[in-house]
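Work through the exercises below with the model open. Try each task before reading its solution.

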Amino acid sequence: MGTRFEELDGKLVATLEGELDTAAAVEAEEILKPLYNSEGKDVVIDCEKLEYIASSGLRILISILKGAKAGGSHVVMKKVNDDIMNVFRLTGFVDLFEFEG
């Protein structure tokens, strides 16, 4: 699992690669924890190379979403493949997030 984030054009951009399973979630959460308080900056989560997400990965994304909304920010899920989108649909999370190409 590869996880990183950076600030680009006034937005916080997180990139997820590989499998965000239970084992990888601990490290990913530590890396992404600063996004829990986005300080009014919108958050973009790039999923182009994300192959799998477990419930522990969804929990991290929900925590980011809660923190961002509390600060008046938006969270956009970008380049989500069909398999990951299906997980969002099955869990009902598709209605919580914004999605882009």
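A pocket is an open set of points on a 1 Å grid over the protein atoms alone, where a 1.4 Å probe fits, with protein on both sides within 12 Å along at least five of seven lines; a cavity is a set from which the probe cannot get out, and lining residues have an atom within 4 Å of a point. This is a predicted model: local features need pLDDT of at least 70, side-chain atom pairs count only at pLDDT 80 or more, and totals for chains, interfaces and linings use all residues. Residues are numbered from 1 along each chain as its sequence is written, and side-chain values use heavy atoms, with hydrogens and water left out.

**Exercise 1. The pocket**

Task: find which residues line the largest pocket.

Solution. Step one: list the lining. It consists of Lys11, Val13, Asp42, Val43, Val44, His74, Val76, Lys78, Glu98 and Glu100. Step two: assign strands, which are DSSP runs (E, at least two residues; helices are H or I, at least four), numbered from the N terminus. β2, β3, β4 and β5 each supply at least two lining residues. Step three: give the volume. It is about 150 Å³, taken as the space filled by probe spheres set on the points, with grid points joined across faces, edges and corners.

**Exercise 2. The sheet**

Task: state in what order the strands of the open sheet lie.

Solution. Step one: apply the pairing rule. Two strands pair if DSSP finds at least two bridges between them. Step two: read the order. Five strands run β1-β2-β3-β4-β5, with mixed pairing. Step three: find the edges. β1 and β5 (98–100) each pair on one side only. Neighbouring strands are turned by 25° against each other on average, direction ignored. Such angles run from 0 to 180 degrees between N-to-C directions, with axes fitted to C-alpha atoms, for helices over the stretch in contact.

**Exercise 3. Around strand β2**

Task: describe how β2 pairs with β1 and with β3.

Solution. Step one: take β1 (residues 2–8). It pairs with β2 in the antiparallel sense over seven bridges; Thr3 has Leu16 as its bridge partner. Step two: take β3 (residues 43–53). It runs parallel to β2, joined by eight bridges. Glu19 is partnered by Tyr52, and Ala14 stands opposite Ile45. β2, α1 (residues 22–32) and β3 make a right-handed β-α-β unit: with the strands pointing away from the viewer, the path from the first strand over the helix to the second runs clockwise. Helix α2 (residues 55–70) lies across β2, β3 and β4 (75–78), at about 175° to β3.

**Exercise 4. Ala14**

Task: is Ala14 buried or exposed?

Solution. Step one: set the cut-offs. Buried is under 20% relative accessible area, exposed over 50%, partly exposed in between (1.4 Å probe, protein chains only). Step two: compare. Ala14 has 1%, so it is buried. Step three: list its contacts (heavy atoms within 4.5 Å). Beyond four places in sequence, they are Arg4, Phe5, Leu32, Leu35, Val44, Ile45 and Asp46.

**Exercise 5. Positive phi**

Task: say where Asp9 and Glu39 are placed.

Solution. Step one: recall the background. Most residues other than glycine have a negative phi. Step two: take Asp9. It sits in the loop between β1 and β2, with a positive phi of about 50°. Its relative accessible area is 81%, so Asp9 is exposed. Step three: take Glu39. It sits in the loop between α1 and β3, with phi near 55°. At 64%, Glu39 is exposed.
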